[in-house]
Amino acid sequence: MIDVPRLVVAAPASGSGKTTVTTGLMAAFAERGLRVSPHKVGPDYIDPGYHALATGRPGRNLDAYMCGPERVGPLFAHGARGADLAVVEGVMGLYDGASGQGELASTAQVAKLLRAPVVLVVDASSQSRSVAALVHGFASFDPQVRIGGVILNKVGSDRHEELLRDALEEAGTPVLGALRRAEGVTTPSRHLGLVPVAERHRDATAAVAAMADTVRRGCDLEALLALARTAPPLSEVPWEPRPPVVPAAGRRPVVAVAGGAAFSFLYAEHPELLTAAGAEVVVFDPLRDERLPEGTAGLVIGGGFPEMYVGELAANGALRAEVAALAAAGAPIAAECAGLLYLARSLDGRPMCAVVPGQARMSQRLTLGYREAVAVSDSVLAAAGTRLRGHEFHRTVLEPGAGPTPAWGLRTPRARVEGFVLGGVHASYLHTHWAAAPEVAGRFVAHCAAWREAASARESSCAG
């Protein structure tokens, strides 16, 4: 049984202020000395960075599409172990989920799976009494979703707040907070959402502090904590990072994981799975480091914003050459989205690692959505025929988009092949969540261990 007080912070629509309120709540409760476990519904990488900054704990995703509804509770329990309070930020509108698939992957579904009360954040900037009708509609749409109260955001004045409170009192919905319009709590955005914490740590720290101050002054923290404590115990066994394929005992293969400002997208469970599979995980920064970590036997390059740092990445020719040499030697390399761009011949005309025979450029078109995928051929990540669910989120184009041996066959939204399998390289736009398929991490580390042993044998033979 997992008995952690918990809240789900949702909204009628995107842009209502969920991230500001959620991050502010996390930080305000953490300031009180509570151990706050941060969670985010959906595939988003950026919001969890702000959550981690607010709480000092890893921000973790709860994605019922990629990981399956059956893993939402165990993943939540894994992240919330030892916490005094868990706060879950929703995605989009409360009832919005995977396109055309009902409630799947919606905030409402996750709230029901966690048996957690929902706090609805409402942008009240252009309404007064109508707020009661809006909240009533959301509260009555699905009786299994328990809306425990409302936080009013972007309230214009004392009189505006009074009108809103009167309307919601008439409707019988508790008002747990009212926040004024405040410029100081905004965070900068660009083509794929908020600017990640890794790119603006000092400013992000100040922004989180401002969010906490706003929430502290405008919300009834005691009432919110009391609401969180109404969540009943969960009968869930915490998820554990236990890949089924583990290399033989011995020296751990070094798996270098790209990080820093350009490559900040990585689910918290991925390095946990790599470590559990027997790897020594070492983080490096392609913007600063001119060498791969000593003894690198495998490379993981996740998502991020290489297009914002293309000049610096191009200028680090020494590291690009090392990556290319590692790929040429057949070492396992797993690259997703930003990693795919980094392995390309060029990005916006600037040289990259030239491992993948494609040229990438920025585009006006946003590619976004969940995907059903099947591995086209055997690779360091998956055997041919392996089925996974993933997510695409990019505003770049790679030409060609697939090699002679593609990484994935995608079924949604239209049938196509995508990505590259080249020797030990698996490079694709598709983001996947390895908690849904721990064998991916186990297979990858096993390939890393085998490659290291083979390389060591060759070196010994040459030395002899």
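My entries below cover a helix pair, a pocket and the cavities of this predicted model.

**Helix pair.** I started with helix α1 (residues 18–31) and helix α8 (residues 221–228). Their axes lie 12 Å apart and the packing angle is about 95°. Angles of 65 to 115 degrees count as roughly perpendicular, so α1 is roughly perpendicular to α8. I then listed the contact residues. From α1 come Leu-25, Ala-28 and Phe-29; from α8 come Leu-221, Leu-224 and Leu-225.

**Second largest pocket.** I noted a volume of about 600 Å³ for the second largest pocket. I counted 27 lining residues, with Tyr-45, Gly-49, Ser-264, Phe-265 and Leu-266 nearest the centre. Two or more lining residues come from each of α2 (46–55), β10 (254–258) and β11 (280–284). Helix α2 gives the largest share, five residues. The classes in this pocket's lining are 19 nonpolar, seven polar and one charged.

**Cavities.** How many cavities of 30 Å³ or more does a search of the whole structure find? I got two. The largest cavity holds about 180 Å³ of space. I found 21 residues lining the largest cavity; Ala-334, Glu-336, Leu-381, Thr-432 and Trp-434 are the closest to its centre. Strands β12 (296–301), β13 (333–336) and β21 (425–428) each give two or more residues to that lining. Strand β13 has the largest share, three residues. By class, I logged 15 nonpolar, five polar and one charged in the lining of the largest cavity.

Notes: Residues numbered from 1 in each chain as written. Predicted model: local features only at pLDDT ≥ 70, side-chain atom pairs only at ≥ 80, totals over all residues. Heavy atoms only, no water. 1 Å grid on protein atoms, 1.4 Å probe; cavity = no way out; pocket = protein on both sides within 12 Å on 5 of 7 lines; lining within 4 Å. Points joined across faces, edges and corners; volume = space filled by probe spheres on them. Helix = DSSP H or I, 4+ residues; strand = E, 2+ residues; numbered from the N terminus. Nonpolar A, V, L, I, M, F, W, Y, C, P; charged D, E, K, R; others polar. Axes fitted to C-alpha atoms, helices over the stretch in contact; angles between N-to-C directions. Parallel < 35°, antiparallel > 145°, perpendicular 65-115°, else oblique. Contact = heavy atoms within 4.5 Å.
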